[in-house]
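Subject: Structure for your review

Dear colleague,

Please find below the structure that I am handing over to you. My notes on its charged side chains follow it.

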Amino acid sequence: MGDWIYWLDLAGVAVFALSGVILAGRTRMDPFGMLVLAAVTGIGGGTLRDLLLGVRPVFWVTAPSYLWVILATVVLSLVGLRHVHRLSQAVLPVLDAFGLALFTAIGTHKALALGHAGSVAVLMGLLTGVAGGILRDVLARRVPLVLRQEIYATASMAGASAYVGLWYLPLPVGSAMLACVVITLALRLAAIRWHLALPVLP
């Protein structure tokens with residue numbers, strides 16, 4: 001099970017790193033800027049999560065493979081830079097949605113596995129899912145997706161809450177993680193497709 005979670009985590013890093021590369025290309029950053037934005041997006045949320053949970057050293061220090069995944073993502077993107085530039089405006093939000101879903105599940109699982117309360121696990125899932133994207137958007141001088149009207153953080157919290165609820169049932173961990181990913185991704189993609197948003201206070 002641990003290997004499966006590890007590969008899922010690597011996939012989340014790659015997806016979020018690619019979203020950072022795409023945004024860096026749109027804002028005309030140089031290759032170093034792309035690498036920085038990809039790294040911040042890919043490991044920023046998990047780093048903050050580990051620091052708050054007291055995990056030392058943070059995950060990518062003990063497993064440098066995460067850094068190699070980010071570097072490979074940037075290099076491959078530079079090789080196919082023309083194709084990256086041709087990606088439509090809809091690609092970045094969709095990539096971000098997949099990264100949000102994967103990282104929400106990973107963050108929630110890690111907090112629960114360390115013995116923390118369900119409420120803490122939901123918060124860590126949310127933080128892991130949104131922090132990297134927030135840092136990416138701030139560095140690219142964009143309003144972070146989490147601060148816009150469309151459902152974003154709510155999708156992460158819904159998925160994390162489902163994970164916590166299923167964690168305490170006699171079900172395989174993989175089932176809880178899959179439910180978290182599916183719920184988070186479905187809500188976020190639905191929000192993108194139909195511009196769903198929470199009511200705004202008058």
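Predicted model: local features only at pLDDT ≥ 70, side-chain atom pairs only at ≥ 80, totals over all residues.

The side chain of Arg-142 meets that of Asp-137 in a salt bridge, with an N to O distance of 3.7 Å. Asp-137, by contrast, is buried, since its relative accessible area is 0%.

Asp-137 also forms a salt bridge with the side chain of Arg-136, at 3.0 Å from N to O. Both residues of that pair, Arg-136 and Asp-137, are buried.

A further salt bridge brings together the side chains of Arg-188 and Glu-150, at 3.4 Å from N to O. This pair links distant parts of the chain, its residues being 38 apart. Arg-188 lies in helix α9, which covers residues 173-194, while Glu-150 belongs to the loop between α7 (118-139) and α8 (153-167).

Which residues do salt bridges with shared partners join into one network? They are Asp-96, Arg-136, Asp-137 and Arg-142. The contacts of Asp-137 with Arg-136 and with Arg-142 have been described above. For the structure as a whole, the number of salt bridges is six.

Yours sincerely

Definitions and conventions. Residues numbered from 1 in each chain as written. Heavy atoms only, no water. Salt bridge = Lys/Arg side-chain N within 4 Å of Asp/Glu carboxyl O. Buried < 20%, exposed > 50% of the residue type's maximum accessible area, 1.4 Å probe, protein only. Helix = DSSP H or I, 4+ residues; strand = E, 2+ residues; numbered from the N terminus.
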